[in-house]
Amino acid sequence: MAAAAEPGAHTWTGGGSPRPGSPASSPVLGGGGRVRPAPGMERAGARHPTPSVTLGHSFRKVTLTKPTFCHLCSDFIWGLAGFLCDVCNFMSHEKCLKHMKNPCVCVAPSLVRVPVAHCFGPRGLYKRRFCAVCRKSLEAPALRCEVCELHVHPDCVPFACSDCRHCHQDGHQDHDTYHHHWREGNLPSGARCDVCRKTCSSSEVLAGLRCEWCSLQVHSVCSSAIAPECTFGRLRSMVLPPTCVRLVSRNFSKMHCFRIAETTVQDTGEGDDGVDGSTAVGPGREALASPESSKQTLKIFDGNDTVRRNHFRLVTVPRLVRSEEVLEAAMRAYFISEDPCDFELQAPPLLTQAGETEARGKARSGGASGDEGVRDPPPEAWVIRALPRSQEVLRVYPAWLKVGMAYVSLRVTPQSTVRTVLLEALPLLGRQTENSENYQLVEVLMGSRQVQRTVLADEEPLLDRLRDIRQTSLRQMNQTRFYVAESQALIPRVSLFVSGLPPGLASQEYGPLLQEAVGTKADVVAVSHVYPSQGALVLDVTCFAEAERLYMLVKDTAVQGRPLTALVLPDMLHTKLPPDCCPLLVFVNPKSGGLKGRDLLYSFRKLLNPHQVFELTNGGPLPGFHVFSKVPRFRVLVCGGDGTVGWVLGALEEIRHRLACPEPSVAILPLGTGNDLGRVLRWGAGYSGEDPFSVLVSVDEADAVLMDRWTILLDAQEASGTDNGMADVEPPKIVQMNNYCGIGIDAELSLDFHQAREVEPGKFTSRFHNKGVYVRVGLQKISHSRSLHRELRLQVEQQEVELPSIEGLIFINIPSWGSGADLWGSDNDSRFEKPRMDDGLLEVVGVTGVVHMGQVQGGLRSGIRIAQGSYFRVTLLKATPVQVDGEPWVQAPGHMIISAAGPKVHMLKKSKQKPRKTGGGPKEARMDAPVPDGDANGGTGALLRPSSGTLGQMWDALFASKLLMGCIAPHHSISHYCGHTFQYPLSSSVQMVDFQAALPLVLAIAVSLVCDATSAEVGGGRETQGLFMDSQLYM
Ligand SMILES: [Zn+2]
Ligand SMILES: [Zn+2]
Ligand SMILES: [Zn+2]
Ligand SMILES: [Zn+2]
Ligand SMILES: [Zn+2]
Ligand SMILES: [Zn+2]
């Protein structure tokens, strides 16, 4: 938080560091107003005279008892002496003190440029991270902001101020120039300073600065060498500039504005601004003193507010101590570094009622009292209070930013009212007083969770107002700021997106339908957009109260049995977009790939503007496309599996005609398993934790390619043979296909897997478990035999095609099937064109069964080439499993018509500049799949050579999934079975291996081992028999 100071800002004159001659050095302030001996000085030896006093720190020389690092240069402090700030725990070399740039946490609120509240998610464990308030490490569960790098202890939250990123225009302090938004500490390990090129990160202490927008990383000392204006850095062309986004909200939280799903239960025991004394004692922090120790522990309250909530902080002091020292310790606990002479400790009101006298309570006043020395053990609870003041110095800030100064300081006396202060401030801020009635004084409370604005009445006596705030809480006084603002009312305009309505109605039916469900007020609510095919609409609400009411109510309403979804959407000021800007619209499916989706959401919200990142489980792809509908040029990044990509491409197809950029290019960050499209476009088989920043750079450098998309019309006929109960007649259905469509055996396997997943959804969160199930499902299928070619008919371009004996028929659009297998094969064939994903042709291939599928997966064989064409009709004679892009179902008898769908889509293909890590097989589609080392040496077994790496992964998967437990003894290595060595540990395979190909391949191996043990060079027949017998168990 402290690093929110802008060390390089030329115009910045506020804060505790006024420069000579700056307008802030008003006579009253006298050059900082903080020139005072700080507490602890007498106790701990001579105070070091440093400029740091102006940054609010209270440094003292301390003796080091354990290895310690400097927070400024991040180097080790050799020797026994360091300099420690009593308020914020900043530790420094003596030599570094003179370079001090970081302000103390107690003055941080005064350095905020535009107050913006943070957006705290649920508590989590953040290792090797440090609290921005107290600078100590976060060992216990702590809080972090979802859109900036702020990390804090739960009980430090109230002391962080609202210095989050300014991600949109909100009608309060809008401007179009951006300064670096420095955040201190928690830099990625090994980060190098962009000025001096030396390491500036630290895993030991809070050190180094990083800009929240452009990711510039510097030593705080080096930051002064950098111009203050931020140009958004390497990602500038894809970041949505905050000046182009407008969102006016009143009581909508940041979570609502950034559409962050409230997935986890909100914390309890921690109020909005609460300091929960009962949990304040974390590890490594103040601990309760035992009764017999020479120290005592006190409960300290800050004003009426914390007394009312019973939120206190604990302070430990020696039993024999002067009252001043207790006061100083109490003030430090609340990060107050002002002169203790202005404060005193009082007994809390409750104790007074319990028989304590008022005089007793006053006994511990600050420096004013002269009675030092020994006194009775103090009561256990005290309240810090400011002594009454006959006048105050008030800082008044202009609400407009293009001004040469941050604030002016004015004297406030008992006679001062809001109006007199306004009249005094306006000329100093360069505005005429003639039309002073056009201005108002706004009190802004800069809480870390919320920024509250109150317009003050003209006649209000200001001194009373200040005294009231101090009585409430000194922390609150520290976080309160007064702005002179032009008194134009904020025009409320909230865009509410509502989805979940029945699709396919006429446009004009949606307004009345919603009106009926939630009673929209016609005078302030207008329907601005309707999306009938998605059952969604966008409301324009011109009243905050109504917008808030609708938002809450809609989320709690169901129409025709389906719950509605509500989202607050920002307005895009698309005309302000710079010409070279092509913002990236990011969709993340947080349910894909275990927890990786969640992490990516968080990373992309921080690296880009959170307004361009959309969570697909929160309203689907439509809200994102709606927000970007006027943007003349943008690209899309989809993070998820192939199903997610299909979802987004389908939504794009439906909304394309309403977009100013109808053909945005789409990049893929594959999550989870499968990901054939991701492989073909070189984005890899599955995300395994690469730096999200370099992912974005790759997207920026990617090349656009075209891809065909296909429509499948499914028209179930009145079933003639209703022998298996699949007789339900469904209306014709149209599905979109990107990758492939399978009829028969592969769909059936996929279906079994999905059904297993439905039964026990909790078991399938990891890629690993998924695989185990795939394998088991396959083992069940091995004994089946059927003859698909007799159960369907195929027409290609209206010509009947004779089918060979097959169990599965597969239509392929991209050269990767079932996790990277090449179903078509690479051989030249005079009958067919060489397949391309943009040639307007689909390839049709047959497989004879699971063993054949396994062999295709293993690269041993390809499918049986049947046809190539652009228009297909399949007649199903009986109910048959069908899968499209991995999504399976049982299709009733009838027709399937496959034809080209609309225009080709523009996909982004990762450019080839970076060297590939893998030795690589002959198949390009597999190039990105992580293949363990040691597979390039060529296995000894002829059967296994083509993709022995994958085979090895299979074996490991089987071992780890315990499917073969009991039939393969632990001491048998894989090489024992396969005649081949796999040189990677089992544990690493869990995260890096893609197991999608597991099932058919395992089957193929199993069958081959039994039928043809010699060619596989298997160690012994007994074990293979065991494997096969085990597989029988699953049938
Ligand atoms: Zn400090
Ligand atoms: Zn240092
Ligand atoms: Zn803390
Ligand atoms: Zn933040
Ligand atoms: Zn920057
Ligand atoms: Zn540096």
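Cys 134 is buried, because its relative accessibility is 3%, under the 20% cut-off for burial. The model is a predicted one. Cys 156 is buried as well, since its relative accessibility is 0%.

For four tetrahedral donors, the ideal angle at a metal is 109.5 degrees.

Cys 134 belongs to the loop between β3 (91-92) and β4 (143-144). Cys 156 belongs to the loop between β5 (151-152) and β6 (182-184). The two are 22 residues apart, and the pair links distant parts of the chain.

Turn next to the zinc ion (ligand 1). Which residues are its protein donors? They are His 57 through ND1, and Cys 85, Cys 88 and Cys 104 through SG. Their distances from the zinc ion (ligand 1) are 2.1 to 2.2 Å. This site is tetrahedral too, with angles of 100 to 118° among its 4 donor atoms. Here the spacing along the chain is H-x27-C-x2-C-x15-C. His 57 sits in the segment before β1 (59-63), while Cys 88 sits in the loop between β2 (81-85) and β3, so the pair ties together parts 31 residues apart in sequence. His 57 has a relative accessible area of 4%, so it is buried. Cys 88 counts as buried because its relative accessibility is 2%.

Aromatic rings come next. The structure holds 18 aromatic pairs. One of them joins Phe 301 and Phe 312: their ring centres are 5.8 Å apart and their planes meet at 70°, so the pair is edge-to-face. Phe 301 lies in strand β10 (residues 295-302), and Phe 312 lies in the loop between α2 (303-309) and β11 (313-318). The pair therefore ties together parts that are 11 residues apart in sequence. Both residues, Phe 301 and Phe 312, are buried.

Phe 811 and Phe 872 make another edge-to-face pair, because their planes stand at 75° with the ring centres 5.2 Å apart. This pair links distant parts of the chain, 61 residues apart. Phe 811 is in strand β37 (residues 808-812), and Phe 872 is in strand β40 (residues 871-876). Phe 811 and Phe 872 are both buried. Elsewhere, Phe 69, Phe 76 and Trp 78 form one aromatic cluster.

Arg 144 lies over the face of Tyr 602, 3.3 Å from the ring centre. Lys 733 places its charged end over the ring of Trp 889, at 4.5 Å from the centre.

Finish at helix α18 (residues 850-857). Is this helix mostly covered or mostly uncovered? It is mostly covered, with 7 of its 8 residues buried. The buried residues are Val 850, His 852, Met 853, Gly 854, Gln 855, Val 856 and Gln 857. Gly 859 follows α18, and its phi is positive, near 80°.

Note on methods:
Residues numbered from 1 in each chain as written. Chains lettered and ligands numbered in written order. Predicted model: local features only at pLDDT ≥ 70, side-chain atom pairs only at ≥ 80, totals over all residues. Heavy atoms only, no water. Helix = DSSP H or I, 4+ residues; strand = E, 2+ residues; numbered from the N terminus. Buried < 20%, exposed > 50% of the residue type's maximum accessible area, 1.4 Å probe, protein only. Donors = N, O, S within 2.8 Å, 3.2 Å for Na, K, Ca; no water. Tetrahedral: all angles 85-135°; square planar, octahedral: opposite > 155°, others 65-115°. Phe/Tyr/Trp six-rings, centres within 6.5 Å; stacked < 30°, edge-to-face > 60°. Lys NZ or Arg CZ within 6 Å of the ring centre and 35° of its normal.
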